[in-house]
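Hi there,

Here is the structure I promised to pass on. Please have a look, and then read my notes below.

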Amino acid sequence: MRAVQVAILSTVFLWSNARAAPLQYLTGAGDKATPVVFLTWGLIIISISVILIIGLLLAGAIWRRPGEDWTPGARTALKSHEGGLNWLWIGVGISTLVLLFSVVWTVKVLAEIQAPTPKPAVTIEITGRQWWWQVRYLSDDNARQFVTANEIHIPVGAPVRLKLVGGDVIHSFWVPQLAGKMDAIPGQINETWFEASAPGVYRGQCTEYCGLQHAHMSFLVVAQPASEFRRWWDRQLAPPAPPTGRAQAGQTGFQMRCGSCHTVRGTEAAGALGPDLSHLMQRATIAAGQLPNNGPVLAHWISDPQSMKPGALMPTPSLTETELANIHAYLKTLD
Amino acid sequence: MTSIDDYERSPSIGQPSPALTEKLKSLWETKPGFIGWLGSVDHKEIGLRYIVTAFAFLVIGGIEALIFRVQLAWSNMRLLTPEQYDQLFTMHGMTMIFLYAGPILSGFSNYLWPLLLGSRDMALPRLNALSYWIFLCAGLFLYSSFLMGFGPNAGWFNYVPLAARAYNNGPNIDIYSLGMILLGISTTVGAINFIVTFLRLRCPGMSINRVPILIWGTLTANAANIFAIPSVSLAFLLLWMDRNLGTHFFDTTAGGSAMLWQHLFWMFGHPWVYAIVLPAMGMVSDGLPVFCRRPLVGYTAVALATVATMVLGFGVWVHHMFATGLPTISLSFFSAASIIITVPSSVAVFAWLATIWTGRPVFTTPFLFFVSFILLFTIGGVSGFMTGSVPVDWQLTDTYFVVAHLHYVLIGINVFPVAGAIYFWFPKFTGKLMDERLGRWNFWTMFIGFNLGFFPMHISGLLGMPRRIYTYPDSMGWDWLNLITTIGSFLFGFGVLLLIYNVIRSVRHGPTAPANPWDAPTLEWTTSSPPPPYNFAVIPVVASRHPLWEERLNQSEGSRSQIETGLLLDHGKEALGTTTLDAEPNIILKMPDDTLVPLYLALSMTVVATGLGLVNWWVVAVGGALTATCILAWLWPEARLGETAAPATGEPRHG
């Protein structure tokens, strides 16, 4: 009785821990992920059953009728009968049926989730780059298009169409709670979709090995109610507030020292090599999901990115303390 | 001088005499001294070299893995830089897949094939030596850049554009490409040798339905290699040209294709996976029944399943590419094929189960390894079945679930049978018995260490841990699983050390092994331990799949194999060629003597590769000239081999 209690409690404990893992996919949120969750569990159960059955048969076979202990010279007599073929007929027969069933289920789920995006609420073009994600919100109205990085906002409960592009090498786009992986390959555009059925922040990660900082190429998907999403989008389009004081000097410094790689919309900084930093303060993380976006971390990052993300394409800038402080002050105005 | 009638004679039938064995020994024995050793073309010598070299690579690849397992043991570790980590995991994969898993099986097959087939050597002994020397040279070549600090760092699968010049400027990938092309030559000539040997060098009576399953496994694997290797060699050649000669095969900015690499690589890669497990499965199919005290259940089914697996194995390569955006219809096809390929595997599993169930198992160390293999094979099989399902694979792929799967497959289906095979055939190789008690310790450390290390990877994979990350944050829920994995992998490593220790100790102090210590049924156990250089003094004639068990399995007396009496072939180094299906005697083959030419040829080809690595055409030219010279020397007609036939002398030389 106690053992059962312990077993149940530890299962509950382990399960709640597992559910807390940000990249787990044993549960899902949305029409793209849910059918796959069922299929995954189905195949896990089939697999565990197979292992148990074969394991038990194996144990039975070994201990059913062991021969004498082996010493060279003293030998167990040979068995001469030729039986045992029934094992093959029955075992392979049952296996084949289970496999066929799995094929049918697989193809059914595939058809379900592979259909073209049903009435997408928004289309987002996502470009994987070493080692961050460029996110472009597409719109029929050119004035409403914009670019951001590493944080994707979507309206909750509506299908979102994704266009994936490889910006340099191959990356793979993965938000396990919302959908399986889709590669971002240079020279082709891969289209897929997902949908978040509940508001929240979902973690995503690059899963195709893409070089030194593959480990630190994550991103966030923020699912929010449609009205909130609309406000967020409008805000992204707003021009930056004119900086004052120290931040004003920071803007000049930023444009000179950082502007050839980074863009801040509405200013002279219009580089395209690094992440677009317009409204940077709206984002929860920097360095592609690696670091929290707060004052001290941001200051450390701009002064010495190589110690935090070795190999990142952002060089360690040779800036004086004052210049750094000014640029830092300026970045903090990008709200 | 050999005359034509020497080939056309009908060899007489007789029994071994001291004079005969003395003569054969002087004909076949490797010459003493270092030079003699270098020139040996004896399949047993070459086989052991393959095994020792491949095992050394296993140890090196294992050490690489243990180093990065420490890095991954907990979140945010800083033992390795990202570059060091990338080189280590690339070298680990490359080493284990190309320099260990394939060559170790070539080693066993090289050693065992002629003995299992009742032949005196492989069909093409010099090619055999060449195959080994190129393998060794390619291995050292591949490691040269790593030792200089710029090893391959784009993963063993080496996807472009990451492996292209634009993103990988050092010599790292050039060395990898050229080394792989070199290694491909080794594998190809080795494969040709196995195929020709199978077709022509089986002893009389060994029709194709009587060969041991190991023969089927190795044959199938090598027939597949002939078709698969060109694909990867081409891929690496094109990549080298892209990187050094300015072509654009894989350059997406100039009309090339990144997907082309993946197709070429996996058209090779997936058949290769089967090539490095089927011979190992064959070793189990032959070894396990010995300890169940009965013949294998379903011989024909298992042999056919082996071939079927390989044929289907050519139709599943896209399951490595499910997430690349291919059309749904082709995904469905490759998904179904990847799931259905489990059927022939299940044939083998149930055949082994039935063999144990209906037999009288005796618990020796090789038996433990072979039996545990069945369980590990099942676990690796079902996780493979899961990844075969496209929608599930979109979640599983590139997570640690796949790392768990592939290690259950490669360690479970390759390393465990190989360890069992070492215990099983060690007495034959060395004439010594291995220590059984130490063997138990060895087995249980490896088995527990392996499962402790690799089973939790399934769970870290289901919790989303991606592959090939050099570190991870502490909030991901992976720390404890990784710590357990690291502990398990060290325990497993310790188990492998015990194996090595047992081997070394038994070579030195093991009790002397009789010819047939396990009371096994196949021909290799009729020879002394270790076998004489000529394997068989007279060529045996077999009448069943288990020549040494016939009496006790009540085979009628008139239709039993003849081991003690057989064809006498002693007019120089000779072997018997037989017909392909029924193995009826059909030709006397003159076998070449020991020679250094294969070694020189391998070295010359390595010079070419080095020149290409340096993009120095002078070195390439010198290497090319040396290569041509060696080939010329190799092909120079020799009277003794009947390549320049003297006219018939008229004197009958029928012995």
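How far apart do the C-alpha centres of domain 2 of chain A and domain 3 of chain A lie? They are 22 Å apart; the domain bounds come from an automatic or database domain assignment. Before the rest, please note that this is a predicted model, where local features need pLDDT of at least 70, side-chain atom pairs count only at pLDDT 80 or more, and totals for chains, interfaces and linings use all residues. Residues are numbered from 1 along each chain as its sequence is written, while chains are lettered from A and ligands numbered from 1 in the order in which they are written.

**Between the domains**

Domain 2 covers 122-237 of chain A and domain 3 covers 246-331. Their contact takes 19 residues from domain 2 and 16 residues from domain 3 (contact: C-beta atoms, placed from the backbone, within 7 Å). On the domain 2 side, 9 residues are nonpolar, 8 polar and 2 charged (Ala, Val, Leu, Ile, Met, Phe, Trp, Tyr, Cys and Pro count as nonpolar, Asp, Glu, Lys and Arg as charged, and the others, Gly among them, as polar).

**Between the chains**

Chain B gives 82 residues to its contact with chain A, and chain A gives 79 residues. Helix 13 of chain B supplies the largest share of the chain B side, 13 residues (helices, H or I, have at least four residues and are DSSP runs numbered from the N terminus). That side divides into 47 nonpolar, 26 polar and 9 charged residues.

Happy reading!

Methods: Two residues are in contact if their C-beta atoms, placed from the backbone, lie within 7 Å. Helices (H or I, at least four residues) and strands (E, at least two) are DSSP runs, numbered from the N terminus.
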